[in-house]
Amino acid sequence: MKYGYCILLLLAAFLLPDTHAAGGGREITYLPSVEVRDGSVVKENRSVLLTMTVDMSRMRLRTQHTVALTPVLVSRDGASEIAFPPIVVDGRARNNVYLRAQRLESVALPPYHEEEEAQVVIRRRNGREQVYDYAASVPYARWMLEGRIELREEVHGCVNCDEGAAEAMLLPRVLPEFIPSYRLDTIAPEPEPVKVRAETRTARLQFRQDSYRIVPGYKNNRAELDTVSNSIRLVKENDDVKITGIYITGYASPEGSEAHNMTLSENRAKALADYIRSHDGIDGDMLHVAWMGEDWDGLVRELEHYPNLLGRDQVLELIERYPDNRDYCDLQFQKLQPEEIYQRLLNEVYPALRRNEYRIEYNVRNFNIEEARRMVRERPDLLSLTEMYKVADSYGKGTPGYEEVMEAAARYFPYEPAVLNDRALDAIAAERYDEAVELLEGVASVEEPLLLNTLGVAYAGAGAYRKAEDAFLRASEAGCAEARHNLGQVRGVIDQL
């Protein structure tokens with residue numbers, strides 16, 4: 001940033017020591033007779049450039065004096081500073097010493113006259129107009145933001161002795177810190193023209209060996225069948241919903257051949273479908289049956305529940321070794337020693353694999369605002385996200401009712417962009433940026449540019465500016481106007497790091 005600035009260093013009563021001749025016990029200063037105009041401090045890439053016009057026309061410099069005028073950039077808190085190269089002004093006699101010392105190595109140079117130490121060495125010609133256009137740079141550091149430029153003077157006499165020092169404020173505020181202003185927006189919930197819901201449950205019916213006929217009184221079958229019927233009845237009797245299909249999938253455990261178990265899982269799934277059709281009054285066209293045979297993935301999951309099972313690691317190793325020959329794998333199970341390993345598989349692990357999973361799918365009618373308010377408490381799973389948002393808005397943001405509905409939305413629609421975005425916006429508003437990042441990282445994509453834009457703001461708040469820049473760039477390329485604005489903002493921050 002540039003400054004048009006004219007400094008008349010004549011306010012000595014406030015900034016500088018009194019000006020008196022040496023010998024009177026007072027220090028000598030020439031600062032009041034120096035005028036600085038058009039001071040400018042600009043950051044250029046990783047350097048800070050200072051330019052100014054220094055007018056020495058009013059200076060009456062003693063012939064034996066050297067004056068060093070050093071601009072210094074000081075941090076806002078005064079803890080850090082860096083000096084620019086000084087302007088050195090010589091009286092006539094001192095300048096002659098300087099010129100002679102350049103020729104004769106035995107003669108000591110006056111202060112600040114070493115090569116590359118001063119920006120310029122000027123011989124003052126009293127009574128004449130002398131103006132110097134100063135330009136020098138120093139390496140940039142972040143502490144320089146909101147700093148100030150001071151002009152410090154040192155006066156040296158005939159034998160290089162110190163005869164005076166003073167300082168004045170040159171530019172009171174330089175390199176203003178860039179404060180970004182990020183833009184955020186909400187995402188409208190995706191409309192749900194037809195509310196499709198489903199309930200998935202498991203029926204663990206017991207069959208006699210190699211049988212697929214359901215015997216209600218056998219072992220725990222009565223309780224399992226009652227659970228199935230009750231699940232269906234609760235949906236059928238709900239006037240707000242209409243069953244569209246029941247999907248049954250049969251599974252078997254690994255003992256026996258794959259082909260036999262595939263057929264067994266098919267017949268047992270069909271047996272449950274027949275029972276539901278005859279006992280629960282479900283039309284056959286609404287029943288859909290599938291069968292998966294031996295459930296090896298389920299076996300691996302089930303073994304996780306038995307960390308101390310005898311031979312567990314050996315069983316898992318065999319499963320991994322023979323993925324394409326499951327009959328042979330089961331045969332190897334039977335050969336494991338001691339025999340107790342296989343017996344415990346049969347008795348403790350395999351029963352959970354023999355099952356029918358059934359999914360009841362149904363459509364839900366739409367609710368008006370009063371009905372939806374009631375459903376938030378009774379059956380929030382039957383509401384669409386749009387209905388939840390309408391209910392929340394009816395209470396007003398920040399009210400207990402609003403918070404209750406939004407918590408329900410987060411439970412039932414945790415991965416919907418609108419919900420994720422709103423949760424992240426709340427975290428950002430509370431300056432919990434890491435929480436917002438955790439919510440969005442990995443789910444935001446260019447298909448949801450507003451979500452990606454929110455992630456960028458969360459990154460920026462957490463200090464991950466390069467990640468924020470990337471998120472904003474991707475979102476802006478996907479057409480997000482807020483992200484285009486934010487990209488410029490975060491780049492302004494990055495430029496000052």
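A residue counts as buried when its relative accessible area is under 20% and as exposed when that figure is over 50%. Keep those cut-offs in mind as we walk through this predicted model.

Most residues other than glycine have a negative phi, and most peptide bonds are trans. You'll find Glu 431 in the loop between α12 and α13 (433-440). Its relative accessibility is 59%, so Glu 431 counts as exposed.

Now hop over to Leu 175, another residue that isn't glycine but has a positive phi, this one near 45°. Leu 175 sits in the loop between β10 (162-174) and β11. Is Leu 175 buried or exposed? With a relative accessible area of 6%, Leu 175 is buried.

Next comes a peptide bond. Gln 337 and Pro 338 are joined by a cis bond, with omega at about 0°. To spot Pro 338, look in the loop that runs between α7 (326-335) and α8 (340-349).

Finally, have a look at helix α10, which spans residues 385-395. Its buried residues are Leu 385, Glu 387, Met 388, Tyr 389, Val 391 and Ala 392. An α-helix has 3.6 residues a turn, so residues three or four places apart point the same way. And what covers the buried residues of α10? The cover includes strand β11 (195-203), along with the helices α9 (369-378), α11 (400-412) and α12 (417-429). Just after α10 comes Gly 396, where phi is positive at about 100°.

How values were computed. Residues are numbered from 1 along each chain as its sequence is written. This is a predicted model: local features need pLDDT of at least 70, side-chain atom pairs count only at pLDDT 80 or more; totals for chains, interfaces and linings use all residues. Side-chain values use heavy atoms; hydrogens and water are left out. Buried means under 20% relative accessible area, exposed over 50%, partly exposed in between (1.4 Å probe, protein chains only). Helices (H or I, at least four residues) and strands (E, at least two) are DSSP runs, numbered from the N terminus. Contact means heavy atoms within 4.5 Å.
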